[in-house]
Amino acid sequence: MRYRLTFVAGLAVGYVFGTRAGRERYERLRQTAQRLAENPAVRNAAESAAQTGREAASKAAGVVTERVGHRLPESVNERVRALRDHRTPMDDDWGSGSK
């Protein structure tokens, strides 16, 4: 019984110290990630990648519509055309600091 009590006490102490150290490490990682996300160079790269992705998706939608558009239901064709013709930049608040 004495060994079991010692083991449980050691387990409890290890858990408390482990969670405290884990929480501190998590906080440091979170702060580092937040600073990285606020870095202007990183934000510009992310915005550039997002814009490139939007352009590629638009081109792909055009190609798909040209090649298989006649096989799709008319309602789908209308929706794709409407999305493709919309062409307004997407508004998002990524990296703006608002939650």
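User: Which side chain does Glu-27 meet in a salt bridge, going toward Arg-30 or elsewhere?
Analyst: In this predicted model, the side chains of Glu-27 and Arg-30 meet in a salt bridge, at 3.1 Å from N to O; the term stands for a side-chain nitrogen of Lys or Arg within 4 Å of a carboxyl oxygen of Asp or Glu.

User: How far apart are those two in helix 1?
Analyst: Glu-27 and Arg-30 are three residues apart in helix 1, and so about one helical turn separates them. Salt bridges with shared partners join Arg-23, Glu-27 and Arg-30 into one network.

User: And what about Arg-23 and Glu-27?
Analyst: Glu-27 forms a salt bridge with Arg-23 as well, and their closest N and O atoms are 3.1 Å apart. Both residues lie in helix 1, four residues apart, which is about one turn of the helix. The structure holds two salt bridges.

User: Is Arg-30 buried, exposed or partly exposed?
Analyst: Arg-30 is partly exposed, because its relative accessible area is 37%, and that class lies between buried (under 20%) and exposed (over 50%), using a 1.4 Å probe and protein chains only.

User: Ok, what should I know about the numbering and the model itself?
Analyst: Residues are numbered from 1 along each chain as its sequence is written, and side-chain values use heavy atoms, with hydrogens and water left out. Because the model is predicted, local features need pLDDT of at least 70 and side-chain atom pairs count only at pLDDT 80 or more, while totals for chains, interfaces and linings use all residues.

User: Where is confidence lowest, and where is it highest?
Analyst: In the protein chain, helix 3 (residues 74-86) has the lowest confidence, with a mean of 73, and helix 1 has the highest, at 87; pLDDT is the predictor's confidence in each residue, from 0 to 100. The mean pLDDT of the protein chain is 80, and 84% of its residues reach 70 or more. Where pLDDT is low, the predicted coordinates should not be read in detail.

User: What's the overall secondary structure?
Analyst: The protein chain has three helices and zero strands, where helices (H or I, at least four residues) and strands (E, at least two) are DSSP runs numbered from the N terminus. Along the sequence, the pattern reads α-α-α.

User: How much of the chain is buried?
Analyst: Buried residues make up 4% of the 99 residues in the protein chain.

User: How many residues does helix 2 have, and what span does it reach?
Analyst: Helix 2 (residues 40-68) has 29 residues and reaches 41 Å from its first C-alpha to its last, close to the 42 Å expected at 1.5 Å a residue, the expected span being 1.5 Å times one less than the number of residues.
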